[in-house]
Amino acid sequence: MARNDGVDRTTVRNVNLSETKIAHTQRHNEREKDVAMFFRMSHPYYLHTISMTELYQTPYKSRPPIIDGLLYGGAYILAGAPKIGKSFLVAQIAYHISTGKKLWDYDVHQGTVLYLALEDDYQRIQSRMFMMYGVEDSSNLYFATAANKIGNGLDEQLVCRRC
């Protein structure tokens, strides 16, 4: 028995099929974009960037400070002219973090520190630390005078250090 409601069932079925094909094509295109992005991101020279708009619209959780109001977790580059005290500054920061003692009236959260003194030897480090702190030592401060390079074994050395 045929319906007589004025609707052409063939047209309705064709519209539904067209919508299904469009949805399938959109999903397929999204997958292709994802695969292309994956291969682009896995390239050794890939540089991930975000727009300022994306930066502003993305909520980020703040990192807890290591030294309140002064130093947060992450990588830092300390640069300056020779012999102005860069190594002394880093040794002082490292010692205070390893002991949890205040540094210049800043509260310090105690932690374990690995100081890579790659231009020094142990005798020079010993002299410097003794001159700065006398016999007050710290079991949470470790020194190394040689290490592999970043991307060429350093990561593995740091992991193995914890073994």
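In which helix is the place of Ser98? Select Ser98 and you will find that its place is in helix H3, where helices (H or I, at least four residues) and strands (E, at least two) are DSSP runs numbered from the N terminus. Before going further, keep in mind that this is a predicted model, in which local features need pLDDT of at least 70 and side-chain atom pairs count only at pLDDT 80 or more, while totals for chains, interfaces and linings use all residues. Residues are numbered from 1 along each chain as its sequence is written, and side-chain values use heavy atoms, with hydrogens and water left out.

**Stop one: Ser98**

With Ser98 still selected, note that its relative accessibility is 1%, so that this residue counts as buried; buried means under 20% relative accessible area, exposed over 50%, and partly exposed in between, with a 1.4 Å probe and protein chains only. Display next the residues that Ser98 touches, not counting those up to four places away in sequence: Gln110, Gly111, Val113, Ser138, Asn140 and Leu141, contact meaning heavy atoms within 4.5 Å.

**Stop two: the nonpolar core**

Leu141 leads on to the largest nonpolar core, which has 15 residues, and those with the most contacts inside it are Ile67, Ile97, Tyr115, Met129 and Leu141. Such a core is a set of buried Ala, Val, Leu, Ile, Met, Phe, Trp, Tyr and Cys residues joined through side-chain atoms within 4.5 Å. In soluble globular proteins, nonpolar side chains tend to be buried together. Then centre the view on Tyr115, which, when residues up to four places away in sequence are not counted, touches Ser87, Val90, Ala91, Ala94, Leu141, Tyr142, Phe143 and Ala144.

**Stop three: Asp120 and its arginines**

Now move to Asp120, in the loop between strand S3 (113-116) and helix H4 (122-133), where this residue is buried, with a relative accessible area of 13%. Its side chain makes a polar contact of 3.1 Å with the side chain of Arg124, and another polar contact, of 3.3 Å, joins the side chains of Asp120 and Arg128; a polar contact is a pair of N or O atoms within 3.5 Å, of which, within protein, one must be able to donate a hydrogen and the other to accept it, and residues adjacent in sequence count only if both atoms are side-chain atoms.

Salt bridges link Asp120, Arg124 and Arg128 in a network, a salt bridge being a side-chain nitrogen of Lys or Arg within 4 Å of a carboxyl oxygen of Asp or Glu. Arg124 is partly exposed, with a relative accessible area of 36%, whereas both Asp120 and Arg128 are buried. Leaving aside neighbours within four places in sequence, Asp120 is in contact with Ile125, Arg128 and Thr145.

**Stop four: Lys102 and Asp107**

A search of the whole structure finds four salt bridges, and one to select next pairs Asp107 with Lys102, their closest N and O atoms being 3.4 Å apart. Asp107 counts as partly exposed, at 40% relative accessibility.

**Last stop: a surface patch**

Finally, select Ile50, Met52, Leu55, Tyr56 and Tyr60, which form a nonpolar patch on the surface with about 570 Å² of accessible area together. Tyr56 lies in helix H2 (residues 52-57) and is exposed, with a relative accessible area of 62%. Patches are made of residues with over 30% relative accessible area and no salt bridge, like charges being joined within 9 Å and nonpolar side chains (Val, Leu, Ile, Met, Phe, Trp, Tyr) within 5 Å; accessible areas come from the Shrake-Rupley method with a 1.4 Å probe, and for residues only the protein chains shown count as cover.
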